[in-house]
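Student: I have a structure open and would like to go through it piece by piece. Can we start with one of the sheets?

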Amino acid sequence: MTNYYADFVPGAGRRAPRAALTSDAPCLDLSGTWRFRLSPRADLPDDFSAPDFDDSEWLVLPVPSHWPLYGHGMPAYTNVAYPFPIDPPHPPEDNPTGDHRRVFDLPADWLDGETAGEAVLRFDGVESCARVWLNGTELGFFTGSRLPTEFDVGHLLSPERNVLAVRVHQWSAGSYLEDQDQWWLPGIFRGVTLRRRPAEPLDDVFVHADYDHTTGEGTLRVDAAAPARVSVSELGIADLATGSAVTVPVETWSAESPRLYDATVTTPGETVSLRVGFRTVSIVDGVLLANGTPLALRGVNRHEFHPDFGRALPYETMRADVLAMKQHNINAVRTSHYPPHPAFLDLCDELGLWVVDECDLETHGFLFAGWRDNPSDVPQWRESYLDRMRRTVERDKNHPSIVLWSLGNESHTGANLAAMADWTRERDPSRPVHYEGDHECAYVDVHSEMYASHKETAAISERTQIPFLLCEYAHAMGNGPGGLAEYVALFDAHPRCAGGFVWEWIDHGLRHPELEFAYGGDYDEPLHDGNFVIDGLLFPDRTSSPGLLDVKKAYEPVRFSFAPDAVTVTPARGDLSGLRFEWTVEPGGVGTFDVPAAGGTVSLPEVRTEGEVWLTVHAVLAADTAWARAGHEVAWAQHRLHAPPPAPVASPSSPLRTHVGKYGAGPATFDGTGRLVGLLGAPAGGPRLRLWRPPTDNDRIGRLYETWLGTGLHRLTERFDEVVAGDDLVVRTRVAPAASDRGVRVTYTWSPRDRAVALTVGVEPEGGWPEPIAKLAVAFTLPGTLDQVRWFGRGPSESYPDTGLAARVGRFHASVDELQTPYIRPQENGRRADVRWATLTDAAGAGLKITGAEPYGLTVRRWSDTELAAATHRNQLVAGDHLEVSIDVGQHGIGTASCGPGTLPNYELFLKKTEFTLLFEPVRPG
């Protein structure tokens, strides 16, 4: 078979696609240790397929796996660009090729006399092209990496020593259809199974389980490839003939209440087990409905990824992902940009997630060729397009969780996509068709956009005549995403906006022995897209980022609104029947209150209101569920009961100390120029005006960082103009970047107080400052022993002006190391917002308290901003022996400009005349 891997044809010798089914027919799992040989090219002899070929000198490789993750070649990452010339359908001549061999015996119960009977060999996922032999006979070949392929093999099987040989090419014609912003990782990465087929097989089943929300009844019809009988004992259905329909009262399936009924479909030779969920998806007056109710998709995009195994995910990891989504109020997932492992969809059915199931298709790299010869509109590719869609729909058609079929991603537009849509509607008219690239909505049922701004989202939601959703928004790369709450408010406000899917679920950092987690370029790829693959809500080890906590808050299914003496509780999705409501008061006080299932207004508790007092209300699970234990917090909100104005400089004044050209004020000492040189008897430095921050991914990729560099915010110089020692110590400076005539006049006024010192900072810009700045802050250097931080403000996690939805007001404690957010590419992080006061103390409890006349932002690190900005991996950050403390009275928002809109205007920061006051006082042990 010559150059099959460079052919438009998607495969040969394969069985017709069918549903993924759970059958009682015997099945042999061929996973395990295989013999493996890697070659640099594809044009190899196929002698290895002979049963008597000697592979004893070959290496061994686990299957499922990707061979680069086991030391055979290297991973490579690109986002859009193909890592080979755009010359369809030809793959590059340098084409790593892995030959695999597996020897197996048949179980004794498979044998029928001397023969094995009929059997089907199934591959669930191979990247990117495979050619297969069994016992020396060629079965065929296939492309479509994330799609199943089956071969009839019963006539070739022997009771003992069957030899399965598989040649896998990293590159093929199919690679042009799989340019999906991920690591290129060849291999047999999903399971390989052999299933015996009985004399009267049940090869395919199609479940139709509709729900009528006006009657509460469900209609069940099961179509099958052979006459069979259907039973659902819980519904009193027994021996229903396939093709016949029955209508019975049922409980509906939804993401909030994923009710499933166990069913069997039986022929004399085989029984298939199913889990049936009754639900109906419809579009009425331009609104996407599920079971007659507007479908509110509060979703996330999900690539399959594991830092050690790539896309060869263990089942336990898939389950953990679904549980984490449910626990963070995510109710929908888009399977970007290919069908996931079938077990993941089983979990979505069981635990409750709406699914947009996407075909294994993306041709994004043709963008760089001006979309010339893009496969979406080239007739020779038509059969590959249709083949991929057939294999997607046929495999997954029985999952109630799937509410939209998606044709693929970022493949421009063309007749082949339209043909996919037509075939899909004919095969399954019960689900609408999605594809973002059809901007004219000529062949899709929903209007889909990526990264529309808030303004664009509102405008589209108002004018659209069909359902609208953001299949990607809020790019979760590094610190962020910002503006999430405003997006969700738009979703809530517009009925025809079905919601959106955050990009994306997890950082794709591959575990690395030196760098901890690697991204593009760390394997010396000649072409790569750097850390753009690090853009998830989870870190690679599946610990939560602050962004995931914000998503949980934004997606809460319960809304709270406060009046002076009452709180109104409203369900946003579902009802409140499974929740218990509690309240806490900071400081002190706890209680519970009752809310009807449909929501309502209840009185607030009467509490003592001395000092600043906050009430927090919590909606928690009343009982254990399949995805979380009783007491799991689903939603919360806060209301300030009492807020007296802080008075940080109210303590009595004391004289300024002077001695041989040096000054002292409370715990602070200064040199003759007015520079801070000591605090609490230990070396210290500052204050230094800071207008710059280490760039976030959104700053850097969104080009705002270039503005800051061009303005010179990162290289400010300071000139000390005057020191006046009287009742106070007044230090006047001018701060400015080189090569610029604009600057900032800064006045530091140190006012001695009883055992304390107050600092008033006056900032006045000179010249024009039309561009936004990163932050307005003063920085201090403090002893590294003060590594315990307590604060009253927002926490426990970081927050910036347009992030930190999950941070609540309270009293918190963390070590300096715990304050850092460990982004895979280091960047601005760790700020605690709205801080009223903070203490930095040593292990014995001695240290410093900093109180603000107004709330401030606090950042404490063991390295400088410059060191943080220079680091490309976490292991490059080396802790020093001192602390860098930044106190800001303004930060520019985070936005989502790494892919999408920048910061909303109300979160932009501009330099203007400003004054703020801080009080520094000692903290004694105990």
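Tutor: This is a predicted model. In it, S1 pairs with strand S11 (residues 137–143) in the antiparallel sense, over two bridges.

Student: Which residue is the bridge partner of Ala12 in S11?

Tutor: Ala12 has Phe141 as its bridge partner in S11.

Student: What is the order of the strands in the open sheet of seven?

Tutor: The order is S1-S11-S10-S13-S7-S4-S5, and the pairing is antiparallel. The edge strands are strand S1 (11–12) and strand S5 (59–63), each of which pairs on one side only.

Student: And what holds paired strands together in general?

Tutor: Strands of a sheet pair through backbone hydrogen bonds, either parallel or antiparallel.

Student: Next, S58. Why is it described as largely enclosed?

Tutor: Strand S58 covers residues 882–891, and eight of its 10 residues are buried, so the rest of the structure largely encloses it. Buried here means under 20% relative accessible area.

Student: Which strands does S58 pair with?

Tutor: One is strand S53 (residues 775–783), which pairs with S58 in the antiparallel sense over nine bridges. Within that pairing, Lys775 stands opposite Gln891 in S58. Another is strand S57 (residues 847–861), joined to S58 by five bridges and also running antiparallel to it. Arg861 has Glu884 in S58 as its bridge partner.

Student: New topic: the core. How many residues does the largest nonpolar core have?

Tutor: The largest nonpolar core has 80 residues. Leu407, Met420, Tyr473, Val502 and Trp505 have the most contacts inside it. Helix H2 (residues 342–351) gives the most to this core, with six residues. Another core lies apart from it and has 56 residues, among them Leu704, Val731, Trp750 and Ala814.

Student: Back to Trp505. What is it in contact with, leaving aside neighbours within four places in sequence?

Tutor: The contacts of Trp505 include Val300, Asn301, Arg302, Asp321, Ala324 and Met325. Gly536, Leu537, Leu538 and Leu548 are also among them.

Student: Pockets now. What is the volume of the largest one, and which residues lie nearest its centre?

Tutor: The largest pocket has a volume of about 1,200 Å³. It is lined by 50 residues, and Glu256, Ser257, Arg573, Gly574 and Asp575 lie nearest its centre. S25 gives the most to this lining, with three residues. The lining of the largest pocket divides into 28 nonpolar, 13 polar and nine charged residues.

Student: How much space lies in the second largest pocket?

Tutor: About 1,100 Å³. The second largest pocket has 44 lining residues, of which Ala20, His341, Pro342, Ala343 and Asp346 lie nearest its centre. The elements that give two or more residues to this lining include helix H1 (315–327) and H2. By type, the lining of the second largest pocket has 20 nonpolar, nine polar and 15 charged residues.

Student: Last one: Glu516. Where is it, and why does it count as partly exposed?

Tutor: Glu516 is in strand S36 (residues 516–518). Leaving aside its neighbours within four places in sequence, Glu516 is in contact with Leu510, Arg511 and Arg874.

Student: How far apart are Glu516 and His213?

Tutor: They are 303 residues apart in sequence, and 52 Å apart in space from C-alpha to C-alpha.

Technical notes. Residues numbered from 1 in each chain as written. Predicted model: local features only at pLDDT ≥ 70, side-chain atom pairs only at ≥ 80, totals over all residues. Heavy atoms only, no water. Core = buried A, V, L, I, M, F, W, Y, C linked by side-chain atoms within 4.5 Å. Buried < 20%, exposed > 50% of the residue type's maximum accessible area, 1.4 Å probe, protein only. Helix = DSSP H or I, 4+ residues; strand = E, 2+ residues; numbered from the N terminus. Contact = heavy atoms within 4.5 Å. Pairing = 2+ DSSP bridges. 1 Å grid on protein atoms, 1.4 Å probe; cavity = no way out; pocket = protein on both sides within 12 Å on 5 of 7 lines; lining within 4 Å. Points joined across faces, edges and corners; volume = space filled by probe spheres on them. Nonpolar A, V, L, I, M, F, W, Y, C, P; charged D, E, K, R; others polar.
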